[in-house]
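Thanks for coming, everyone. Please bring up the structure on your screens, and I will walk you through it.

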Amino acid sequence: MHDKTLTQLAASLKSGEFSSRELTSHYLRKIEKADGTLNSFITVTGEQALNQAEAADKARAAGDTGLLTGIPLALKDIFCTRDVKTSCGSKMLDNFIAPYNATVVEKLSAAGTISLGKTNMDEFAMGSSNENSHYGAVKNPWDLKAVPGGSSGGSAAAVAAGLAPAAMGTDTGGSIRQPAAFCGITGLKPTYGRVSRYGMIAYASSLDQAGPMARSAEDCAHLMNVIAGHDVRDSTSVARGVPDYTESLNAPLSGLKIGLPKEYFGDGLAPEVEKSVRDAVKVYESMGATVREVSLPHTHYAIPAYYVIAPAEASSNLSRFDGVRFGHRCQDPVDLMDLYKRSRAEGFGEEVKRRILIGTHTLSEGFFDAYYTKAQKVRRLIRQDFLDAFEEVDVLMGPAAPTPAFDLGAKKDPVSMYLQDIYTIAVNLAGIPGISVPAGLAGGRPIGLQILGTHFAEAQLLNVAHQYQQATDWHLQLPAIAEENA
Amino acid sequence: MQWETVIGLEVHVQLATRSKIFSGASTAFGAEPNTQACAVDLGLPGTLPVLNEQAVAMAVQFGLAVHSDIAEVSVFDRKNYFYADLPKGYQTSQMYHPIVGPGEVEITLEDGTSKRIRIHHAHLEEDAGKSLHEDFMGMTGIDLNRAGTPLLEIVSEPDMRNAKEAAAYLKAIHSIVTYLGISDGNMAEGSMRCDVNVSVRPKGQEAFGTRAEIKNVNSFRFVERAIAFEVERQIELIEDGGTVVQETRLFDPERDETRSMRTKEEANDYRYFPCPDLLPVVLDEAYLDHLRSQLPELPADKRERFQSELGLSAYDASVLSASREMAEFFEEVHHVCGDAKQAANWVQGELSGALNRENLSITNSPISARQLGELLSRVLDDTINGKAAKQVFQALWNGQGENADEIIETKGLKQVTDTGAIEAMIDQAIAESPAQVAQYRDAEPDKRGKMIGYFVGQVMKASRGTANPQQVNGVLKAKLDALL
């Protein structure tokens, strides 16, 4: 069952080939066997999942079903789930049980899907390797010495290893696309505002966006049909009609204009990644697409701008974790200041502290204009780069990350870690959608092709990605661990 | 040296929305602690603010009432600081682009003169919760019911020159917001709070002195007292060779003094930046026009109309227009009895006196405006005299009758204007007071006027107050003089 895509599983459930309970049990067994090694889940909600599966089977028997009824999924532990711990990968929230569901969780539940549990992640979504988790690093299913990427590393690893057919992730600076690339799965970061952020623990509010991570673009389209749309509880979600993302999956690509940003093929790009990406572009050319080079001249400012804006917002967003109302509280505080200092010193990990410090500094009196205001100007220029490019071409293509997955512990220096996100981060600053699709393997580690579109072009991205997956089978390949534990 | 005081006020007005500024929780006062704080107010992870449109409308109404420029685009910023009753670790406010731009308010002083006070801006923000330091065995209790309550912070220019002007300004703001119905203006419940910026400078000097900010002054009286203390403190300090330091001070009404809370060096760096969870508020002309068309008559317009149309004095017009409730009561009394002067006298005199004695507001008056108006009609048409009117007033106050006519009837207070009956009572009074008649006769002519009062009293007593006093006076004088 685990080698099937979500779309195929939905068909099997519909035809009665197996029940949701059988399917859910299958995934729970796989988690049981493999996750001791991978560490992709923080919380597994087996009993609840089986109950939901039985309810789904009953609903199906009664004829009351949607396309995804009975499909098990995994949720990044950043989405608040009523009655189930939501840790955000942090000691700070190790004891936190939200009294409500995130909108994404509500919508998935209303669509009849089943939650297998909550996946591991970099603490508060800050990281590109999933090594910053209070619950320990996640291992890449393709190579246990390698990282799965981050911050949605648990979701990516779980899907790649066949522990869940799909998972929800979030992407603030590449956190869906880079782990999807490292783990050989398909991950879509929608346009900012396309999916509600309500109940998603905020890292950098103006950049955070939830999206699906699955085996195929088609799977992602089905999930987007469920999660996209305006939410009155999130003022930044956009009131704009939601198309049926599956409808245009098979639109032909002849005449598609592809742009290759020259800045995405420069120094630092591993040759094997470049080869895979250029091979993928050739596949598109064979389908009748045209290719030209374009320029995104402000690309090299993206990382510095991001590391001003995101930590600034984070320093404020994470102020609520103060030990007063919920979360970690230090032992026997002597006064309020002591309570704050020790609770936060004990509850937050190193990378989170680093970003809070950076953000606090850049917002400080005397530095605000030089950092924050300047970074916002850069952000507008970066956005304009993309808008200009989309005047010329329909989509942009390039690598999702400069290299395939690197080894656990390989990047000790924060700046070298930050450079991982060089091709993904500008997309968040511009607010446009991007998708990463498996496009090769190098040394047994997957390589991701990133496809970018203009605002609200998700349907087009899914169409372009799906057509590639009709012509290639990189997305169907599974790591050995998925088969071993079958 | 002659000193001049310079005062600016920051008035925090709690807006009378049903729910909070960024959540659906109720804003009602006095509920059990933490029963009116939802996930958003508690700052739970993942929750997001959604702006209350009613709060925006109220801020705009205020802006229109003080002739401000309303910002086409205003932006919410986060003011970051840690405090136990500030759940998110930041207060959502408007630092750089407030909704209400420069405007002005006219204040009326006790001598009847008026002055314009400029408003720098007014911005929307959320209130924090409350820290309770008693009853928790040395710990602090946090009540977040108030967290997220919408506030409009109205910042004046430093245009006031003494405590009276500051109090008059605060009253003017109070009267505007209650007229608009955008706040209940209840200072005791904290619906209106005020920070006072005070500095002094040698008279004639243009540059401002260093100011102190006095926090949380929550009554008209305290504003005057806090300023009086602070001005004296600053002058004394300078005259003794010291310098005023920029600092935040707290007014202690128990001791009638201000105390240093924190100096500028200790001040927080609030690290303001635009709140990424909220979109900019964009208002178009049509929206402003709609709200403008809904504005009620405001205190300044009412005051003007009371003078020009009703012929009231500047003072009366100003007192009667000070609150919407007072003005509406007066206008109803006037409408019923038809005589503005009489209505003004009674509302400010008998009624206000009685309300003050029993510590009641005009909205809780036991006598309705209609009842008072009907009573005054009976005075105006000479059914009763002024003295009887006071009795009827008291009876209505005590609930001894539905209306003036009923009380006049049951108490037999109808004024006696029948000349024959009055003459009979006068004759009787004269006959029963030979000694007083003799005194009257022997008195110097210019003293007799005063002595006539005794006989009037006797006649009024005999009529149980119902005789028409003017009539009694006239006939008495004629009859006594005839005895000379």
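First, a term. Buried means under 20% relative accessible area, exposed means over 50%, and partly exposed is in between, with a 1.4 Å probe and protein chains only. By that rule Ser155(A), at 0% relative accessibility, counts as buried.

Some ground rules. This is a predicted model: local features need pLDDT of at least 70, side-chain atom pairs count only at pLDDT 80 or more, and totals for chains, interfaces and linings use all residues. Residues are numbered from 1 along each chain as its sequence is written, chains are lettered from A and ligands numbered from 1 in the order in which they are written, and side-chain values use heavy atoms, with hydrogens and water left out.

Chain A, then. It has 16 helices and 11 strands. Helices (H or I, at least four residues) and strands (E, at least two) are DSSP runs, numbered from the N terminus. Along the principal axes, the C-alpha trace of chain A spans about 65 × 55 × 45 Å.

Of the 486 residues in chain A, 64% are buried. Contact means heavy atoms within 4.5 Å. Take the contacts in chain A between residues at least 6 apart in sequence: 76% join residues at least 24 apart. The accessible surface of chain A is about 16200 Å², and 51% of that belongs to carbon and sulfur atoms. Accessible areas come from the Shrake-Rupley method with a 1.4 Å probe; for residues, only the protein chains shown count as cover.

Back to Ser155(A). It sits in helix α5 of chain A, residues 153-160. Which residues does Ser155(A) contact, leaving aside neighbours within four places in sequence? They are Leu75(A), Lys76(A), Thr119(A), Asn120(A), Ala167(A), Met168(A) and Met213(A).

Next, helix α7 of chain A, residues 217-227. It is mostly covered, with 9 of its 11 residues buried. Among them are Asp219(A), Cys220(A), His222(A) and Met224(A). Just after α7(A), Gly229(A) takes a positive phi of about 130 degrees.

Now the rings. Over all chains, the whole structure has 26 aromatic pairs. Rings of Phe, Tyr and Trp (its six-membered ring) pair if their centres lie within 6.5 Å; planes under 30 degrees apart count as stacked, over 60 as edge-to-face and the rest as tilted. One of the pairs is Phe321(A) with Phe348(A), edge-to-face, at 6.4 Å centre to centre and 90 degrees between the planes. This pair links distant parts of the chain, 27 residues apart. Phe321(A) is in the loop between α9 (302-317) and α10 (336-347) of chain A, and Phe348(A) is in the loop between α10 and α11 (350-362) of chain A. Phe321(A) and Phe348(A) are buried.

A ring cluster takes us over to chain B. Ring pairs link Phe368(A), Tyr372(A), Tyr81(B), Tyr96(B), Tyr270(B), Tyr272(B) and Phe273(B).

Chain B has 15 helices and 15 strands. Its radius of gyration is 30 Å, well over the 23 Å that the globule rule gives for 484 residues, so chain B is more spread out than a compact globule. The C-alpha atoms of chain B fill a box of roughly 95 × 55 × 55 Å along the principal axes. Buried residues make up 51% of the 484 in chain B. The accessible surface of chain B comes to about 22600 Å², with 48% belonging to carbon and sulfur atoms.

Ser199(B) is in strand β10, residues 192-202. Ser199(B) is buried, with a relative accessible area of 3%. Leaving aside neighbours within four places in sequence, its contacts include Glu4(B), Val6(B), Arg211(B) and Gln234(B).

Lys387(B) lies in helix α10 of chain B, residues 386-397. Buried or exposed, Lys387(B)? Exposed, with a relative accessible area of 56%. The C-alpha atoms of Lys387(B) and Asn468(B) are separated by 9.9 Å, and the two are 81 residues apart along the chain.

Last, Gly449(B), in helix α14 of chain B, residues 445-462. Gly449(B) is exposed, at 52% relative accessible area. Gly449(B) and Ser321(B) are 128 residues apart in sequence and 41 Å apart in space, C-alpha to C-alpha.

Note on methods. The radius of gyration is taken over C-alpha atoms; the globule rule is 2.2 Å times the number of residues to the power 0.38.
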